[in-house]
Structure formats: C-alpha cells, structure tokens
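Hello,

Here is the structure I promised to pass on to you. Have a look at it first, and then read my notes below.

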Amino acid sequence: MAKIELDFTPKDTDADPGEIKDSHEDLKGLNKRMLGQSKDLSGQFNSTSMEFSEAVAWNITDESKYNSNKWINASESVMFCAFVTEFWHGCVNDFKKKRKQIVEDWEDAKKAAEKAVPDDYEDVPITESNHPSHAPGNDSATKKAVEAYYGLVRKRGELKKEDSTNWSNLQEGKDEVESQLKGGPNVENIKKLMDAGYVDMAFFNLRGTDFYLNKIDTKNVEKWPDKLSKYWSGEKELDSEYYSMMMLLNIIGYESSRVQALRDSSNPPQLDKKYRDYLKKFYSGTENGWGASGNTLDLANLIDGSDLERSEKDAALGAIGGGLLTLSDEKIGGGFEELPESIRKASSGSFVWNIKSPEDGYDTANWIEDYKKLSKLLGNAPENLQGGKDFSAGISISIGQHLKSDSKDWIDEDAAGHLVEVAARNKDANHGILTDDYTHPYIENADLDDKELKKLKSLNSDAVEGLLKYEWPDKDENGNESWMKDGKPVTGLIDWLADDALEDNPEVRRRAGEASEGLISMITTDEMFKSLTDTGIKTSGDDNATFSRVNPEICEKLANIFYSHIDDFGIESDSPRDNKFVISDDPNKDELTVDSRSRARFMQYLVANEETAENLIQAVEAKQDSTFNEYMKNGENPTDNAGNSGRLKGLLDASIINESLERFDDDKKAYEAEIKLKKKAMDKVIDLSQADRIPGWQYYGNDLKKSLTDVVAKGMTEKYEPIHGNLKETPEILKYSKNGSKLDFQLKALDYLESHGEIEMEDISSDLKKGDKLLSSGDFDQGEFSRRRTSAEDDLQSISAKRPARDPDSDEFHYASIKDIPIGERDYYKFGSDFVDKYSGEHWDGYEYYLNKYRSNDVNDYETFEKGEDINALPYYDPSSDDDKEEKKDED
C-alpha cells in the first residue's frame, strides 16, 4: 500500500480533565466539612429551601466566636469556586473529546486515501513536493492517485477548521473562568453559571434567595420587558443589568420547582406572594409594554431571531417560559386567568377561544403561528417545572384536536411535540382528559348551539385519538434520529399511570387508577377502536397499521398499565356500565374494573408491536404459574383465581389472532403469524441478571417476578399454546388444548410437591420425567396427552389436600398421605388429583368463555368483533367422547 506523507496534529492542552474533576470534588468535600454534612450537596441541602443555620448539620452557633456572615462568606466562596471548577472541567472535557474525534477522523481519512492509491505508487512516498501529478505512471493510475491525494488535502483543511474552532472554544472557556474567579459570586456570574446548569438550590440556601433579590432592583418590573427587548434586538450589549433582570426569573423558577415538588402532599405549599406579584407585573409588561405592538408571544421570535449565542437564547426563552408555567399553576397560588391574553389564546386553541370571544376572529391560521411561538418559550423551560391544570389541558387538547384533523400540512412537529411534552407534566390535567371529565373554563358556562355542544362532547377523546395515532417522525430534517421517534412526545400523558399505581399515597393511586380506567374505556369504544386500528399509516408489512405499531414508545407505556394491573385483567366483568376504579387501604387490593371487550381491544393494541407482544405473552404465562402456585400453597377457592387466570389467557389469545387478522386481512397469513408470534415469545430467553431491562419489570408484582425467576432457574420452557387457526373448522385443536392444559397443571402440581418435599422425584412416574428433571406438556406429542395424564393422576392420588379454611390450628396449607387421613375426616379432598382438577377445570372454563366471545376464526368474525358484537367462535362438542377416542387411539 502506498504511503502519503501528509501530516496533521490538532492543538492540545496540558489541562487534565481528571485532575480538574479531582479539584472540584475536593472543593465539594471542603464545603461539606464546613457545613458538617455527611451527605453530598445534592441531598437535602440542595433539594429544598432553608436557612443557613438549619443547613449546617452540626451546631456551629454554640461556638463562642461564631460569626454567621464569615461562615456564609467562606462557604459561598468555596461553593462558587466548585461551580467554576466544574464549568472548567466541562470546557476541557469537551475540548479533549472533540480533539480525539478530529484525530480519529484524520487517521481514518489517511488510511482510506492510501488504500485508494494504485499499486503503481507503492514504492514512491507521496509528499507535498512529490505528489502524483509529478510522478510517473499510467494515466488511470495517476488520476486515481491525484484524486486520493487532493481528497486528503481537502479533508485536512476541513479538520483544521474544526481544530481551530475547538481551540477557540477552549480559550473562550478559559477567559470566562478567569473573569468569574476575578469577579467572584456576583449576580452576573451566578446567572451565567445558572444558565450553564452548575448553580442549584444549594447555593441560594447559603444566604436565602432574598439576599440575591435584594441585589436586584425590582422596582418597575413591568418595564423590564421593554428594557430586555433592547438587548434582544441588538440595540444594547448584555451587561450586569440584563443578568440581574433574568436572574429574578430564574430564582422564581427555583422557588417554584421546590413548591411544585410538594404539590401531591396532604398540605401543598403556595408560592410566596411576592414572587407571584413579580411575575404578574413582568407579564403585564410583556403583553402591553414593549415595542410598538409586541405581546408576550412575540418575544419568542424576537429572542430566537437575535444575535445572541444559542445558549443565551435558550436561557432567555426558558426563563420566560418557566415564569408562565409558574404563574399558571393553580395549586401554588397562580391560575389560568393570571396569564397574558396572548398566552391564553395560544394554549386554548381557536375553537375554544372563539367560544369565549367570537368577536376576535381568532382562526386556525392565527393559532398556527401562535402555538409555534408558545413552543419556543415552553420548550426551553426547566424540565422540573409544570403548568397549571387548565393551561396544560388546554394545550394538550388544542394540539391533539388539530393532529386528528384531516389537513396536517400546518403541523410543525417539533413545536407541537415540545408543547405536548410540557403539557403532559401536569397529572391533574392528564387525569381530567383521560377520564373525559375535563371542561375548559371558557366553555363551562357558555351558551352554545347543538353543533358546538356535539363537538365539545368529544374534545377530550378527539385530543387523545389525535395524539396517539399521529405518525411522529423517526428522523429529523437532517436525517438523524428524531427526539420524537416512536411517539415519545405523547408518553408523558400516560407513563405516570403505572408508576403512581405503586405509590403509598392513596390519592395519588386514585388519580392514576381512575385515569387508567378512563383511558382504556375511552380508546376501546367501537368508533375509537376502528380509528386506532385503521390509521392509514404504512409500516413494514402493513399498509394500514394499528397506532401502537406505528408508535412503539407509546405501546410500551400502555403495556406498563397492563403489568401494574394484570390481576384485574382476568376478572369476569362484561358491561361498560360497571367500569370503575376502587381504592383500598392496601395498594395490592386496589381494583381496576374494565369490561372484557375493552380489555380484549386494549390488549390487541399491545400485541400489535412484536416486542411488546413477546413480553406480554411471557408475563401472562408467568401469571398462570404464579396463580397456580399460590393455589397449591394456600388452597384458596379456585373459582375466582383460576377463572381469572384462564380469562386473562383467553383475552390474550383472542387479541393475538384479532390483531393478525387486522394486519393481514387474510385468514391463512393471520394463522401463520399467530403461531410464529407465540412460539417466538416462549422461545425467547429471559436474562434475569438484567431484569431491570425487561420492559415493565418494575411493575410486575413479587409473585410474578418469582414465577419468572423459578422458571428460568429450573431451565423449564413452556410450550406455546396450540390454539390457532379456525377452531370451528378444526375443533380437534380445542380438544388437544384442553387436554394439554389439564396435563400442564398436573405436571406443575407434581413439580410443586416435589420442590416442597411433599413427594420424592423417585415416586413420580418414569414417563413424566427425564432423569431427575420433570417434563412439561410441551415435551410430549398431543396424541400422548391422555396417557401421560393417567400417569400424573396416579401420582397425585398418593396424596390428599387439606382445605386450610377449615383448619383452626394453622393458616398454612399442607398435604398428607392418604393413609394418614383420620376416619370420617371431611376436610380433605379424596385425592390430590381432585384438588388439581378443580383448579384446571375452573381455569379452562374462564379461558374458553372469553375465547368464545372475542377470538375471531376468520376475517368475517373479526368484522363482527369490530362492530362490538360477540363472536361465538367455538365449536360445540362432547369432551368425554373425545377423551374416549384419544384413549382408544393410545391403546391401538
């Protein structure tokens, strides 16, 4: 290979990120010792507002020479230096990373260029004075060598520019550090560090926010927007006055986030009135007091179009947006009506605003321009701030409504996505929308005609439909992965439902449970089901995909709702009139009641995405095991538990074939997809060493987690359910499935008894095991089920099961040898096989019940299901005659 003697070495610095990081940690450690804290600065001192003496963990006030100001000054200086050092570490670290990338790019480019030079030049080093245009060789080889050489020269020029920019950035950082260390913790320096993300509540706790507010002239706050607009227009350079004004908004943002963090407590605090007053004055000025005709929304374009650095723009937009979120929040003393009119218009949308003020003529075209501006403000607001209920719900509904509309040319996806993400931070707003209980304040008492009333009735559901089924982009305009990929902007609307279902606070669980019930009920009506399964969006192998296949990120969050309420998905409840959520003193006894057709449709959404479907199948199979093991442990009445487990399995199997028929609209392809998905899910290896990576794992109950752990530990693999295809045309499939189900429970019972020392492995029939390992029904051919069941029944007849409910001496369930049963004892099943058969029978009845109602045999059945009618899908046969035939076949 030829050698090109063309060199390039990017500039470097002796500054070591590791050493700088150590210095930063030393300063933090020193400050901890000064405060007598054993915990780091991100602990209590950093997360809440308190007086300095409260923050100190040891009683320095007892010292005879105690001087609080000296302590505060010293600690403030140390903490400030720590922040500056952390900032410098970031500068050097960024420089080193970029330099490394430049070096790698150069080395890769040089190797590629040398490889592209023809072999004619293998012995001729190519240099700047001896490059291919001066060298011998045939015309074709020379041309290739010239292209390779000058291509590398061009690449070196590009990398030199990148190197120069990288070096300049480092020098700017160095100059900024020098300036900050010389200036100390003044308002301007603190503001810069706040914008860069280094200063937090810990710093303000040293003196209290009032100390810094007193350094800011807060007179005539309503005139600040006019002053600030001159900086943003380029009329004035940024100076200490600018940073002082912006710092006020930042301090209020910190105080607001602290108060909002306690909004779900029993006695949520209010934001200090003085902060609310500052905001009211400031936004009265943004709406009426700057420029010739500018309002609050117009500031967004003024700032975004300024000559400021991008970081300064984002900080300014975020400060104004954060103030709006704070001012709108009813729970901390704000409210929707406190907001400037232009903000209320943009958040409400044209339809709602025209109900309030039809004379304004505020149409969709006006709103389109306004919501883009609003997104610039709110999209840059701190992530730990949220808006009020009315403000947030109005944004979600207005965006969702328009996403549902047929004309989508107007949509600025990035702007819409950021607004939806911010609005979804308010759980009370989400709850109101998902339960369909929310009504915007401007339409509560409005005098409306029938047409308007009809539209209002569907505002919440229209919004949810629009948000869920919109095809959020996977790529941005530059071809890179979009932050909105797979529907991510919408996840905030629902991702809290599973988390809050686990909370101790009953009101938090109530809100989440009601919203979960409302969501499932809302998106599974006949009209909504048709819309969400026939989106008209093309995906791989599907020209009309279900929304959850289009937006798998949303699908995963919906699945978490299922995992957190899996016990309730098998109950026998078939009427939507009974849908409700009931809170209990014990979180494990909260009840989510949703009618069975809605559950079948909801689960169909979940299995539309293959990865979610595989996890769902595994979770349901694990639930089958855990419920049966609980029965084996305590002998609870199987009517509910076994029936619920069977109904859950029936709904799952119905959802899988229904989604396959929805996707392919072809019976044969749907049957093939059904089998393939089930087999793939049950063959999937679960790595429990990385269980936290299993989607929804944190929402699995302890019994479900243990069941999965036991299966993996024993190396047992379940068979995939043989139910598939058209059961009316092939009724023997149902027969084999019933026999297989009964054999499964018998084998699981033997496994449970053996693992608990009730029977010995050597006492189990040889045709049910391989060596010292018990087999599962999946290890046998279907024609062998009857014979294997006979062996299992014989083994189970060697023991008898005592009913614990009649045992006054013990709450523990236990087994006894049949020979040990006292004469006349009535508290025992005659045989252990009876005990198991009771469970398997109840389980099968529940399973078959929902198969019959909802599992489609073909496309025609599925159309019936879409209409909201029962299918009656199963054939009718005499099970005993099937058993006789199978036994006769075995004998032959």
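To begin with the fold as a whole: of the contacts (heavy atoms within 4.5 Å) between residues at least 6 apart in sequence, 73% join residues at least 24 apart. Please keep in mind that this is a predicted model, where local features need pLDDT of at least 70, side-chain atom pairs count only at pLDDT 80 or more, and totals for chains, interfaces and linings use all residues. Residues are numbered from 1 along each chain as its sequence is written, and side-chain values use heavy atoms, with hydrogens and water left out.

The protein has 35 helices and six strands; these are DSSP runs numbered from the N terminus, with helices being H or I of at least four residues and strands E of at least two. Of its 892 residues, 53% are buried. Here buried means under 20% relative accessible area, exposed means over 50%, and partly exposed is in between (1.4 Å probe, protein chains only). The protein exposes about 41000 Å², and carbon and sulfur atoms supply 43% of that area, as computed by the Shrake-Rupley method with a 1.4 Å probe.

Ser 596 counts as buried because its relative accessibility is 0%. Beyond its neighbours within four places in sequence, Ser 596 is in contact with Ser 573, Asp 574, Leu 651, Tyr 850, Lys 853 and Tyr 854.

Next come the salt bridges, each a side-chain nitrogen of Lys or Arg within 4 Å of a carboxyl oxygen of Asp or Glu. By this rule there are 52. Here are some of them:

- Asp 590 pairs with Arg 509, with the closest N and O atoms 2.6 Å apart. Asp 590 lies in the loop between strand S1 (580–582) and strand S2 (591–593) and Arg 509 in helix H22 (residues 506–522), so this pair ties together parts that are 81 residues apart in sequence. Both Asp 590 and Arg 509 are buried.
- Asp 304 and Arg 310 meet through their side chains at 2.8 Å, N to O. Asp 304 is partly exposed at 24%, and Arg 310 is partly exposed at 42%.
- Glu 842 and Lys 838 have their closest N and O atoms 3.6 Å apart. Both lie in helix H33 (residues 832–854), four residues apart, or about one turn of the helix. Glu 842 is buried at 19%, while Lys 838 is partly exposed at 38%.

Finally, a network of salt bridges links Asp 264, Lys 331, Lys 427, Asp 428, Asp 500 and Arg 511.
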